[in-house]
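Let's walk through one part of a protein model together. Take your time, and keep the picture in view as you read.

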Amino acid sequence: MRKTAVLPEDHTTTWTDINAADRPMRDLLRQLPCLQTDGQGNVDYANSDRAIVAATGQNASCMASALHMGIGAIGHLLATSAPQIEDGSVDSDAVEALGWLIAELGDLGAELAVMAIQCRRHMGNAPKT
């Protein structure tokens with residue numbers, strides 16, 4: 001198994017804290033099939049290998065942070081591009097496509113955050129709420 005990004009106990013890691021050699025999305029996609037599932041196809045964290053659950057949680061958390069930061073950056077670019085969008089310099093179809101992409105990325109980020117919390121909960125180190 002590839003090395004995964006190591007997050008501190010306080011779970012405050014941002015994307016900039018991750019080593020450029022770490023590939024959390026690639027690692028996460030390789031880890032997902034290694035998790036056990038229940039009869040309904042849901043992840044069975046309790047019966048999955050603890051090392052895989054820990055690594056999956058770390059990578060999901062890292063990717064959720066990256067997605068949130070990236071979505072914010074795209075939003076900032078769109079907001080500052082309003083004059084170019086208004087005068088037609090930027091195609092409205094491109095703006096619509098970005099809107100759909102942002103919506104999907106937002107959903108993915110939310111699911112990754114839930115997955116990271118579930119992994120930490122099953123590892124016994126969920127953040128205090």
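The axes of helix H1 (residues 24–31) and helix H2 (residues 50–80) come within 9 Å of each other and cross at roughly 140 degrees. Helices here are DSSP runs of H or I with at least four residues, numbered from the N terminus. Each axis is a line fitted to C-alpha atoms over the stretch in contact, and angles run from 0 to 180 degrees between N-to-C directions. H1 is therefore oblique to H2, since angles under 35 degrees count as roughly parallel, over 145 as roughly antiparallel, 65 to 115 as roughly perpendicular and the rest as oblique.

This is a predicted model, where local features need pLDDT of at least 70 and side-chain atom pairs count only at pLDDT 80 or more, while totals for chains, interfaces and linings use all residues. Residues are numbered from 1 along each chain as its sequence is written, and side-chain values use heavy atoms, leaving out hydrogens and water.

Now look at one residue of H1, Gln31. Is Gln31 buried or exposed? With a relative accessible area of 3%, Gln31 is buried (under 20% is buried, over 50% exposed and in between partly exposed, using a 1.4 Å probe and protein chains only). Its side chain makes a polar contact with the side chain of Asn59, at 3.2 Å. Such a contact is a pair of N or O atoms within 3.5 Å; within protein, one must be able to donate a hydrogen and the other to accept it, and residues adjacent in sequence count only if both atoms are side-chain atoms.

Over in H2 you will find Cys62, which is also buried, at 3% relative accessibility.

Methods
Helix = DSSP H or I, 4+ residues; strand = E, 2+ residues; numbered from the N terminus.
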